[in-house]
Amino acid sequence: MKAVPVNASKREATGKGVARKLRAAGAIPGILYGAHTEPMPLQLNQQEMSVIMRKSTSEHILVDLTVAGNDGEPQMALIREIQHEPITGDILHVDFLHISASQKIHITIPVNVIGVADGVKNFGGILQIIARELEIEALPTNIPESITVDVSNLGIGDAIHVRDIATEEFSFVTPENRTVVSVVPPTVIKEVVSAEEAPAEGEGAEGEPEVIGEKKEGGEDEAAKDKDKDKKE
């Protein structure tokens, strides 16, 4: 991952009121921290940060952070967290983690699925993306922007696990047996017969109602005959 240049300046005052005034003036509050760095409140240009985020596939971006008034030397840092306004999505606050170019770090990287699975294209299967992000360990300069997974050769019932993804410059922290994508059979919808279409109770196989005590053609009801016989006796 190539480091993106970001400019900032020190922020002397802190608090919610100060943060609101900064945003109203077109700036974003932030902070730089790290294992060997004292926390430093920052303010950033809102437009610059918005452009950077639009061009990135992930919010975890490697940056060369230049802080005005801090000797002017860029510091390697990682955008660790960005707070957004829930409705507008505007950036409210940015956390920068100071890192060393020679020290490996853990970071979550988005999965980029490419291709059309054979089981989907030719057999009507359904592609399921199970893991949209994977955690890796890498040196800062070896961090990929995304992890590409080609699903073109997947048939019905096939899957790609973490162990199937080739890596050279980083290693996975996510367990190797974790399923990333899979292709499942198409969903079969059983036809449900409505109550109006179902045969009514008592109907025969041909749909004709069954008549209880129906007289046989050319004869009398047997029950009536027995009743008359009893009267005579």
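Q: Which residues does Val180 touch, not counting residues up to four places away in sequence?
A: This is a predicted model, in which local features need pLDDT of at least 70, side-chain atom pairs count only at pLDDT 80 or more, and totals for chains, interfaces and linings use all residues. Residues are numbered from 1 along each chain as its sequence is written, and side-chain values use heavy atoms, with hydrogens and water left out. Contact means heavy atoms within 4.5 Å. On that basis Val180 touches Val111, Gln128, Ile129, Ile130, Ala131, Leu134, Val149, Ile160, His161, Val162 and Ile165.

Q: Which residues have the most contacts inside the largest nonpolar core?
A: A nonpolar core is a set of buried Ala, Val, Leu, Ile, Met, Phe, Trp, Tyr and Cys residues joined through side-chain atoms within 4.5 Å. Buried means under 20% relative accessible area, exposed over 50%, and partly exposed in between (1.4 Å probe, protein chains only). The largest such core has 28 residues, and those with the most contacts inside it are Leu134, Val149 and Val180.

Q: Which element gives the most to this core?
A: Strands are DSSP runs (E, at least two residues), as are helices (H or I, at least four), numbered from the N terminus. Two or more residues come from each of β5 (75-84), β7 (105-114), β9 (133-138), β10 (147-150) and β13 (179-184). The element that gives the most, with four residues, is β7.

Q: Is Gln75 buried or exposed?
A: Gln75 lies in strand β5. Its relative accessibility is 16%, so Gln75 counts as buried.
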